[in-house]
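Thanks for making time this morning; I would like to take you through a few local details, so please have the display open while I talk.

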Amino acid sequence: MQMLERMFQVEMAFMQSESKDVRLLADAFHPDVVVHEPTSLPYSGDWIGLEGIAGLMQQMNRAFSKVAVEDLSCAGSPAKLYVSSTLHLTARASGISITQPFSQILRFENGLLIEGTPFYFDTAEIDAILNHPT
């Protein structure tokens, strides 16, 4: 759970920083990290390396004015965590908010995230709030 908390803290510090210096991400993300986002979302694809993670975070920041998780629970080992939570999203353009179950599989190497695979409950709902006419 400490690795997960550190990862969230590093993400928040990066997003709140004015410089968006990717070196901030090195405290929680492996240099060869990859995050696999579903093809049905506007920020789909494999986001590779610290630059990739920075790009993903910036894309998500443009898409959402709020991204929050609660009811976080984890199972697994220091090398592989299975995470479940409740995800709260608010689309920046439309202001529409949704809440849905969310899980992810996270692999760590030497305490740093090396691979993340998120599973959104309803990607069509997420896409709908992002593409809702304003």
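This is a predicted model: local features need pLDDT of at least 70, side-chain atom pairs count only at pLDDT 80 or more; totals for chains, interfaces and linings use all residues.

Not counting residues up to four places away in sequence, Ser 85 touches Val 69, Glu 70, Asp 71, Leu 72, Gln 100, Pro 101 and Phe 102, where contact means heavy atoms within 4.5 Å. Ser 85 lies in strand E4, strands being DSSP runs of at least two residues, labelled E and numbered from the N terminus, and it counts as buried because its relative accessibility is 8%, the limits being under 20% for buried, over 50% for exposed and partly exposed in between, with a 1.4 Å probe and protein chains only.

Residues are numbered from 1 along each chain as its sequence is written, and side-chain values use heavy atoms, with hydrogens and water left out.

Now the rings of Phe, Tyr and Trp (its six-membered ring), which pair if their centres lie within 6.5 Å, with planes under 30 degrees apart called stacked, over 60 edge-to-face and the rest tilted: the count comes to two aromatic pairs. Tyr 43 and Phe 64 have ring centres 6.1 Å apart and planes at 75 degrees, so this pair is edge-to-face; it links the loop between strands E1 and E2, where Tyr 43 sits, to Phe 64 in strand E3, 21 residues apart. Phe 64 is buried, at a relative accessible area of 1%.

The rings of Phe 102 and Tyr 120, with centres 5.0 Å apart and planes at 50 degrees, form a tilted pair.

Note on methods. Helices (H or I, at least four residues) and strands (E, at least two) are DSSP runs, numbered from the N terminus.
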